[in-house]
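This report describes the overall build of a protein chain and then turns to one part of its sheet.

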Amino acid sequence: MLVPRVWSSVRPGLSKFLSRTLGGWPSGEGRRMDLSGIYPPVTTPFTATAEVDYGKLQENLHKLGTFPFRGFVIQGSNGEFPFLTSSERLEVVSRARQALPKDKLLLAGSGCESTQATVEMTVSMAQVGADAAMVVTPCYYRGRMSSAALIHHYTKVADLSPIPVVLYSVPANTGLDLPVDAVVTLSHHPNIVGIKDSGGDVTRIGLIVHKTRSQDFQVLAGSAGFLLASYAIGAVGGVCALANVLGAQVCQLERLCLTGQWEDAQKLQHRLIEPNTAVTRRFGIPGLKKTMDWFGYYGGPCRSPLQELSPAQEEALRLDFASNGWL
């Protein structure tokens with residue numbers, strides 16, 4: 001098993017790496033990674049005994065790799081990263097990198113509660129193959145997470161990260177939005193290339209696009225439910241849970257928006273709203289994994305304390321897809 005080997009291989013060099021780079025950002029200042037496109041936030045498959053099923057992970061990625069995605073988010077919220085050990089998080093990223101084509105970006109969720117732990121995880125994920133780090137807002141002490149605290153946190157992470165950093169605001173899970181003023185300030189950092197905003201407030205997304213445009217800062221919509229609206233106001237792509245099961249349709253919506261076919265895009269967007277809500281806010285990861293089972297992927301169980309859907313919930317989930325012509 002590779003888990004202990006991966007973790008032990010990245011830890012010894014970490015202190016040396018950090019001491020060497022404390023003077024500032026070490027990686028290619030002036031370059032901006034192009035994030036434009038669609039990214040599925042990949043689920044973490046588990047066996048019946050709650051072990052990570054790396055074989056099923058690679059099978060899912062091989063199937064998803066047939067769609068024209070820009071890349072994949074590994075260990076985002078849909079990856080159940082809070083329920084994984086540090087070694088499991090790294091092993092999942094390592095196995096994903098092995099399974100993915102070289103031209104697909106791998107955005108790895110490296111956020112932890114402390115700045116130090118986030119830096120360590122970010123450096124380690126870079127060493128096992130991540131192209132960029134997606135860093136969620138620390139939230140346990142959310143009452144103290146002022147703009148100043150978050151700017152300090154992200155600046156330190158970006159200063160020490162050997163790969164570009166993408167901010168991640170997901171208030172449904174963290175209970176806080178990354179403030180717009182903090183995003184604008186952080187957009188000036190040469191190693192912070194964009195934000196995934198999952199809040200669903202299109203006005204906020206538009207304001208971020210407007211206030212950061214001169215910095216070549218990129219905004220990714222955090223859900224397929226507001227993907228059309230986000231493209232219309234300047235977002236460059238989306239990290240969409242629904243792309244794990246309706247990958248072709250989400251990519252089609254992207255193409256329609258980029259080519260200005262707004263009437264067709266609107267019709268498709270309407271048909272994606274209910275299924276998207278079902279696999280995000282309504283039924284969450286258990287709903288997404290159940291739907292993956294229906295669409296020929298391995299969804300499987302979640303790790304406790306997440307619970308499987310009840311029969312009534314499963315039927316409601318099925319109806320949300322069937323009533324829109326997807327089942």
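## Overall dimensions

With 327 residues, the protein chain would have a radius of gyration near 20 Å if it were a compact globule, and its value of 19 Å agrees with this. The radius is taken over C-alpha atoms, and the globule rule is 2.2 Å times the number of residues to the power 0.38. Along its principal axes, the C-alpha trace spans about 55 × 45 × 40 Å.

## Basis of the model

This is a predicted model, in which local features need pLDDT of at least 70 and side-chain atom pairs count only at pLDDT 80 or more, while totals for chains, interfaces and linings use all residues. Residues are numbered from 1 along each chain as its sequence is written, and side-chain values use heavy atoms, with hydrogens and water left out.

## Fold and burial

The protein chain contains 14 helices and nine strands; these are DSSP runs (helices H or I, at least four residues; strands E, at least two), numbered from the N terminus. Of its 327 residues, 57% count as buried, meaning under 20% relative accessible area (1.4 Å probe, protein chains only).

## Strands β7 and β8

Strand β7 (residues 192–197) pairs with β8 in the parallel sense over four bridges; pairing requires at least two DSSP bridges between two strands. Gly 194 has Gln 218 of β8 as its bridge partner.

In a regular strand, side chains alternate between the two faces of the sheet. Strand β8 (residues 218–221) is covered on both faces: Gln 218 and Leu 220 are buried on one side, and Val 219 and Ala 221 are buried on the other.

How values were computed: Buried < 20%, exposed > 50% of the residue type's maximum accessible area, 1.4 Å probe, protein only.
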